Structures are given as C-alpha cells and as structure tokens.
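Please consult the sequence and the structure shown here alongside the text.

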Amino acid sequence: MWDQKFEDLLRGFLPFLGADEPLAQDTALRDLGLDSLGIVELLAALEHTYQVRFQDDALSQATFETPGVLWKVLSGLVEDQAA
Amino acid sequence: MDSTSSWDGTSGAAHGVPVPGHRHDSLVHTLLDEAVSSSPASAAVSDAEGQWSYARLDEYSRAVTDWLAAQGLGPGDRLVVQLPTNRELVAMFYGASRRGVVFVPLNPHMKEYHLRSVLANAEPALVLCAEGQLATFNTVTATPVHEFGGVWSEVEKIADRGSRPDTAVDVAPDQPAVLVYTSGSTAAPKAVICPHAQITFATRSMVQVLGYRPDDVVFCRFPMSWDYGLYKVLMCAVGRSAIVLADAESDLRLLTAIRECGATVVPIVPSLAAMIATLARRTERPAPLVRMFTNTGAALPQPVIETLRDAFPGVRVVRQFGQTECKRVSIMPPDQDDERPDSVGLPLPGTRVLVLGEDGESVPVGETGEIVAVGPHVMPGYWRNPEVSARTFRRHAPTGELRLHTGDFGSLDEDGYLYFQGRRDDMFKRKGIRMSTLEIEAAAMDIPGVRAAAVLPPSERHDLALFVESDLAPHAVLRELAGRLEQQKVPAVCRVLSDFPLTLHGKNEKKQLAQLLDGSDQ
C-alpha cells in the first residue's frame with residue numbers, strides 16, 4: 001500500500017471522492033474527477049514531492065488510471081533513484 | 001477618425017487589404033478542392049494511425065459522398081456524428097459538404113441526458129456513432145444509427161473501386177454546412193446554423209491574419225465537434241498546411257508529441273496552455289519549431305504567457321476573441337502580440353465591431369457597451385429556435401444588415417482595438433468552453449434527491465461551484481452530474497445546504513452564496 005504523502009497528494013486532485021470515503025487500489029481516477037489538466041499537474045507534483053522523473057514511456061493515460069497502478073510506477077521510480 | 005465605438009476592420013491600417021481569394025460562392029469543399037489542385041501531394045491530415053495527403057483526403061471525401069448518396073441522404077439532410085476526431089472524420093466533413101448534407105458533429109463526451117434533446121432538435125436522417133454506442137443511441141432516437149467501423153469499411157471499398165462522380169450536387173453558399181451545438185442561455189444545447197458562405201469567409205479571414213503557410217504543421221488537440229477544431233481543419237486547407245489531430249492519449253507527452261510532429265502552430269485554450277507550461281518547466285527540450293500559439297476561450301494568465309515565451313524562444317502568443325455565432329470577432333495581429341496586453345485585437349478583416357449602449361447607439365471610444373459583430377461572418381441564427389435567434393441576431397432596420405449581439409461587454413480604443421470586459425448574464429467560459437449556470441442547475445435538478453440547486457460561475461476567488469439542497473453527499477452529487485454533463489461543466493466544488501435561499505436566481509442570493517464560499521475557502 002502507498003504512503004500517506006501519496007494519499008494526501010492524490011486526494012487533492014479527486015473532487016468526486018468524499019473525505020470519509022476510502023481510496024481503493026483499483027478505482028478509476030477519471031471517475032473521481034481527475035481530468036487532463038489534473039493529470040499533468042499531478043505528474044508535476046509527484047515529481048517534485050518524490051524527486052523523481054517519469055520517462056516518456058511512463059507518460060501514458062494508463063499510468064494514471066488507478067491509484068494502484070500509479071503508485072506501482074511511482075514507487076518503482078523511487079527505488080531506481082535509491083539504487 | 002470616427003469618435004464613436006464602431007470599427008471597420010476593412011479600413012484598419014493592419015487590415016487594409018481585401019480578403020484574398022474570397023469568392024462569395026465559396027463552399028466548404030471548395031477549400032479542399034483548391035488545396036488538392038495546388039498541392040495534391042502535400043501532407044493534409046494526420047492522426048495517431050497515420051497521414052493522408054490532400055489527394056488521398058480528397059479520394060476518401062468523394063467516397064463518403066458516394067456512400068451518403070447510397071444511404072439516400074441528400075441536400076439539407078442532417079448527418080449526426082458522435083465520433084473521435086481523426087482523419088476519417090475530416091473526410092466525412094468534406095464528403096457531407098459535397099452532397100449538400102449538413103454535418104452535425106457532437107462532442108464524444110455528450111451524455112444521454114443531452115443527446116435526447118439534441119437529436120430531437122437536429123432531426124437527423126442518419127446518425128454515426130462510435131463502436132459500442134449503438135444501444136445508447138437506440139434508446140434516445142428512432143433515426144437509423146450506424147456504428148462507424150462498418151460504415152468506414154464500405155467507404156474504403158468505394159474509394160478502392162473509385163467513387164461515382166455524379167453523387168456530388170450543386171450546393172448554394174447560403175445553405176447550412178454545419179450545425180454546431182453549443183451551450184448557452186438555455187438548459188439544453190442549441191445549434192448555431194453555419195452556412196458555407198459564412199464558414200469559408202471566416203476561414204479565409206483568419207488565415208489572412210494568422211498567416212498559415214504551406215510549411216506549417218498545426219497541432220490540434222481540439223475535437224471537430226467544437227468549432228475551434230473544425231475551423232483548424234479548414235484553415236489548414238486554405239494555408240496548404242498540415243494538421244495533426246491529437247487526442248487525450250498525447251496529453252502527458254504533449255511536448256514530445258508537438259516536437260516529433262514538427263508542429264509550428266499550436267492552438268490553445270488557457271487550460272491546455274497551463275498543461276504545456278507545466279510540462280515545459282520539467283523539460284530542457286521543449287519544441288523549438290513552434291512559432292505561434294493562438295489562444296481563445298479566455299485570457300491567458302501572464303505567468304503562463306511568460307513560461308511559453310521562455311520555453312519557446314521567439315514564439316508569438318496570439319490573443320483571439322469570438323463566439324460560434326460568428327466564429328471570430330477579433331484577433332491581435334501576431335506581430336503585435338506584446339502590445340496592448342489587455343486587448344483582444346482588431347476586428348476580423350472584412351468585418352466590423354460595434355460597441356453599443358443600452359439605447360442601441362454606439363458609445364464613445366473607451367466606454368463600455370455590448371460588443372456587436374457585423375459582417376459576412378455573422379451566422380443566420382440558431383437551428384429551429386426563432387425566439388432566441390431573434391434576441392441574438394437582430395436585423396438593423398436602416399442598413400438591413402444582420403447584427404450579432406454577443407452579450408459580451410467591452411470597449412474599443414481610438415485605434416479600433418477591442419477590449420473584452422465580461423458578461424452580464426448567466427453565461428461564462430470554463431476550460432475554454434462556453435456554458436451557463438442555468439444549464440448546470442438544470443442538470444443538478446435532474447438528479448433524484450436534489451431539491452434545489454444554484455451555480456456560481458468561476459471568479460478570481462473561486463472555481464465553478466454548485467450549491468444544492470439535498471440529503472446526498474457533495475461528491476455524490478458531483479459524480480451524478482458527471483454522468484449528465486461534459487467534464488468541463490462539472491463544478492469543482494459542491495456544497496450541500498440545509499437552508500436554501502428562496503429565490504435561486506436573485507442577485508442578492510447569489511451574492512450570499514459567494515460570501516459563503518469565499519469565507520469558508522480562505
């Protein structure tokens with residue numbers, strides 16, 4: 001599961017998710033109100049917060065489809081950074 | 001110089017020449033025909049799947065004409081398409097034009113909630129939808145509906161064997177070529193009638209100012225269901241330029257996509273510009289070939305303009321202003337992009353802009369009034385909506401000219417540059433597209449369990465906000481709304497109130513709601 005930083009950051013981009021509702025691994029982020037501009041801003045925020053860089057092959061809509069997929073890609077980048 | 005606010009785009013120093021190549025018998029498909037005869041092998045249109053030359057596009061457009069004839073469609077019939085914007089859709093557009101068929105492109109994100117009323121209003125002879133959408137359409141219309149895949153394989157067969165030349169018909173320039181459904185002062189979308197003559201005039205005038213040229217590659221992220229995207233296709237034909245039709249998949253790779261296709265011109269709206277600016281800040285290699293960004297929808301924030309200029313050295317960031325009802329009101333000439341930063345430019349060449357007071361007379365220079373557009377670009381009205389048409393498109397008795405009362409307020413300076421100030425009704429623009437509080441309130445009231453609804457347009461202090469009286473949770477209301485409206489129209493914030501102001505549309509009540517929002521947001 002992801003860390004609190006990720007949860008807090010992501011929730012800020014999901015207007016259709018209630019504060020008391022859990023954020024599930026496999027929810028479609030688009031259904032929670034994440035739009036194109038939101039995705040780009042989320043990308044920049046994640047890169048800044050985690051000091052990583054998404055390469056072009058990770059820059060697809062698929063990466064931003066669900067919290068689970070996004071966290072998997074992000075944590076992979078963080079590990080690469082540490083290695 | 002005239003001391004009142006009326007500016008003739010034909011007499012301005014920058015726009016002193018007549019529009020080249022404009023003939024009053026121009027038709028939408030003549031724009032393609034001209035490009036084919038002068039530049040058949042040039043790249044015309046590309047999408048994620050490939051590229052067509054002008055000659056290839058022409059072949060497919062004629063095959064579409066043939067196919068439409070075989071379906072029994074003829075002049076004046078409406079063809080509704082709710083399809084992604086790609087090469088095939090461009091061919092459909094020109095093919096419909098050759099047959100005199102009225103092209104009615106709908107936003108692929110338009111939901112059943114609006115489709116029902118739009119189809120009833122358009123009364124199409126045929127509907128083409130994306131794969132898997134047949135069931136939805138069959139619940140909202142009795143009109144024949146075809147999925148795109150089967151249709152296109154038939155069109156390809158016709159193109160392979162060669163289309164029959166006798167399926168094209170004589171089309172009069174005053175006949176509608178397109179119906180563009182837009183949001184407005186009514187709860188349901190209404191269609192602007194766009195005849196061939198108005199479309200081709202506006203297209204050529206815009207190309208004259210913006211200077212599209214044969215070596216231009218125009219990166220277009222906007223769908224043809226929006227006139228912004230539709231006209232880019234036509235402008236490229238006039239400029240013999242190539243258009244690249246980009247979809248949402250490219251959004252995260254915008255800069256790479258722009259660079260790889262060699263784009264020189266990128267039409268933007270503020271939200272797309274914000275995306276490009278955000279992405280430009282995280283890369284050292286933006287897209288060096290881009291020479292011009294052309295903006296519409298709303299003013300670009302200064303920091304975004306500066307980021308674009310930093311990332312794309314020498315680029316022009318062009319301000320434009322308009323509405324579908326006449327396509328384009330004004331453009332700031334590209335070589336003046338850093339002058340008069342608050343202006344939205346000069347009237348489109350060959351047209352005039354008036355600023356009228358409440359008495360219907362031009363106000364003095366510098367004073368605010370309603371922006372009124374006059375000229376060959378003014379559309380004849382809304383489709384099957386005489387009441388709203390009569391309010392918006394008014395015949396000026398002394399001159400007999402049709403004047404578009406935009407509902408936008410602003411002023412002209414002594415040199416004829418236009419300044420937009422705002423609206424005084426329920427309409428506003430968000431993420432580049434026009435919408436009204438009325439329309440969003442109506443959709444909110446459609447949600448079971450919502451007893452009352454009021455919408456506040458975006459302001460400097462807050463984004464688009466919805467207030468409802470309901471037992472539903474705020475995010476549940478927004479989710480329901482997202483099932484009824486396009487994403488741009490779904491408010492960023494929803495507040496559930498137990499005690500709702502009695503009159504929803506009163507100015508004072510809305511002021512109270514705004515205070516509630518601003519107070520709790522700060």
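Helix 1 of chain B passes helix 2 of chain B in a left-handed crossing, a crossing being left-handed if the near helix is turned anticlockwise from the far one by less than a right angle, and right-handed if clockwise. Helices (H or I, at least four residues) and strands (E, at least two) are DSSP runs, numbered from the N terminus. The model is predicted: local features need pLDDT of at least 70, side-chain atom pairs count only at pLDDT 80 or more, and totals for chains, interfaces and linings use all residues. Residues are numbered from 1 along each chain as its sequence is written, while chains are lettered from A and ligands numbered from 1 in the order in which they are written.

The axes of helix 1 and helix 2 of chain B are 9 Å apart and pack at an angle of about 140°; axes are lines fitted to C-alpha atoms, for helices over the stretch in contact, and angles run from 0 to 180 degrees between N-to-C directions. Helix 1 of chain B is therefore oblique to helix 2 of chain B, given that angles under 35 degrees count as roughly parallel, over 145 as roughly antiparallel, 65 to 115 as roughly perpendicular and the rest as oblique. Helix 1 of chain B contributes B:L32, B:A35 and B:V36 to the contact, and helix 2 of chain B contributes B:Y54, B:A55, B:L57, B:D58 and B:S61. Two residues are in contact if their C-beta atoms, placed from the backbone, lie within 7 Å. By class, this contact of helix 1 with helix 2 of chain B has six nonpolar, one polar and one charged residues; Ala, Val, Leu, Ile, Met, Phe, Trp, Tyr, Cys and Pro count as nonpolar, Asp, Glu, Lys and Arg as charged, and the others, Gly among them, as polar.

Helix 1 (residues 28–38) and helix 3 (residues 87–98) of chain B have axes 8 Å apart and pack at about 115°. Helix 1 of chain B is therefore roughly perpendicular to helix 3 of chain B. The crossing of helix 1 and helix 3 of chain B is left-handed. On helix 1 of chain B, the contact involves B:V28, B:H29 and B:L32, and on helix 3 of chain B it involves B:Y94, B:S97 and B:R98. Three nonpolar, two polar and one charged residues make up this contact of helix 1 with helix 3 of chain B.

Helix 8 (residues 227–239) of chain B crosses helix 1 of chain B at roughly 35°, and their axes come within 8 Å. The crossing of helix 1 and helix 8 of chain B is left-handed. B:V28, B:L31, B:L32 and B:A35 of helix 1 of chain B meet B:L234, B:A237 and B:V238 of helix 8 of chain B. The residues of this contact between helix 1 and helix 8 of chain B comprise seven nonpolar, no polar and no charged.

Helix 2 (residues 54–70) of chain B has 17 residues and spans 24 Å from its first C-alpha to its last, close to the expected 24 Å; the expected span is 1.5 Å times one less than the number of residues. In helix 2 of chain B, 14 of the 17 residues are buried. A residue is buried if 20 or more other C-beta atoms lie within 10 Å of its own, exposed if 12 or fewer, and partly exposed in between, with C-beta atoms placed from the backbone. Helix 2 of chain B is followed by B:G72, whose phi is positive, near 90°.

Helix 3 of chain B has twelve residues and reaches 17 Å from its first C-alpha to its last, close to the expected 16 Å. Twelve of the twelve residues of helix 3 of chain B are buried, including B:F93, B:Y94 and B:G95. Helix 3 of chain B is followed by B:G100, which has a positive phi near 75°.

## Selected residues

B:R62 is found in helix 2 of chain B and counts as buried because it has 25 C-beta neighbours inside 10 Å. Leaving aside neighbours within four places in sequence, B:R62 is in contact with B:G95, B:R98 and B:S163. The C-alpha atoms of B:R62 and B:G162 are separated by 8.8 Å, although these residues are 100 residues apart along the chain.

B:E123, which is not a glycine, has a positive phi of about 45°. B:E123 is in the loop between helix 4 (112–122) and strand 6 (126–129) of chain B, and is partly exposed, with 13 other C-beta atoms within 10 Å. B:R384, a residue other than glycine, has a positive phi near 50°. B:R384 lies in the loop between strand 18 (369–374) and helix 12 (386–392) of chain B; with 14 C-beta neighbours inside 10 Å, B:R384 counts as partly exposed.

## Contact between the chains

The contact takes 18 residues from chain A and 19 residues from chain B. On the side of chain A that touches chain B, the residues divide into nine nonpolar, five polar and four charged.
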